[in-house]
Amino acid sequence: MRKPMKKSNTRIRKNNFEERFSAMVAEYNKAKNLLDTMSEGTPEYAKQKKVCDRLFANAEKFINAK
């Protein structure tokens with residue numbers, strides 16, 4: 001009987017990368033939509049803008065680290 005074939009590690013890493021990145025993008029889009037509904041100049045707007053900037057920077061670092 002043949003031994004079962006192992007899955008390629010690069011395929012597993014690629015899938016994991018895509019899943020993590022899509023989750024990051026979804027989280028950023030959710031925060032950005034919330035930011036767009038707020039009025040500019042309020043303390044809540046500034047706080048949400050910081051959150052959006054941080055999420056964008058994290059996604060950018062994640063892409064550049066690959």
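Let me start with one residue. Leu 55 touches Glu 27, Tyr 28 and Ala 31, leaving out residues up to four places away in sequence. Contact here means heavy atoms within 4.5 Å.

Some ground rules. This is a predicted model, where local features need pLDDT of at least 70, side-chain atom pairs count only at pLDDT 80 or more, and totals for chains, interfaces and linings use all residues. Residues are numbered from 1 along each chain as its sequence is written, and side-chain values use heavy atoms, with hydrogens and water left out.

Now the overall picture. The protein chain has two helices and zero strands. Those are DSSP runs, numbered from the N terminus: H or I for helices, at least four residues; E for strands, at least two. Of the chain's 66 residues, 12% count as buried. Buried means under 20% relative accessible area, exposed means over 50%, and partly exposed is in between, with a 1.4 Å probe and protein chains only. The accessible surface of the chain is about 6100 Å², and 55% of that belongs to carbon and sulfur atoms. Those areas come from the Shrake-Rupley method with a 1.4 Å probe; for residues, only the protein chains shown count as cover.

On to α2. This helix has 23 residues and reaches 33 Å from its first C-alpha to its last, close to the 33 Å expected at 1.5 Å a residue. The expected span is 1.5 Å times one less than the number of residues. Which residues in α2 are buried? They are Tyr 45, Gln 48, Cys 52, Leu 55, Ala 59 and Phe 62.

Back to Leu 55. It sits in helix α2. Leu 55 counts as buried because its relative accessible area is 9%. From Leu 55 to Ala 31 is 24 residues in sequence and 8.6 Å in space, C-alpha to C-alpha.

Both of those residues belong to the largest nonpolar core, which has five residues: Ala 31, Leu 35, Tyr 45, Cys 52 and Leu 55. Helices α1 (9-37) and α2 each supply at least two residues of this core. The biggest share, three residues, comes from α2. By definition, such a core is a set of buried Ala, Val, Leu, Ile, Met, Phe, Trp, Tyr and Cys residues joined through side-chain atoms within 4.5 Å.

Next, Gln 48. Its place is in helix α2, residues 43-65. Gln 48 counts as buried because its relative accessibility is 12%. What does Gln 48 contact, leaving aside neighbours within four places in sequence? Ala 31, Leu 34, Leu 35 and Met 38.

Last topic: the aromatics. A pair of aromatic rings is described by the distance of the centres and the angle of the planes. Rings of Phe, Tyr and Trp (its six-membered ring) pair if their centres lie within 6.5 Å; planes under 30 degrees apart count as stacked, over 60 as edge-to-face, and the rest as tilted. By this rule there are three aromatic pairs.

Phe 17 and Phe 62 are stacked, at 5.0 Å centre to centre and 10° between the planes. Phe 62 is buried, because its relative accessible area is 15%.

Tyr 28 and Phe 56 are tilted: 5.8 Å centre to centre, 55° between the planes. Again distant parts are linked: Tyr 28 is in α1, Phe 56 is in α2, and they are 28 residues apart. Phe 56 counts as partly exposed, because its relative accessibility is 45%.

Finally, Phe 17, Phe 21 and Phe 62 form one aromatic cluster.
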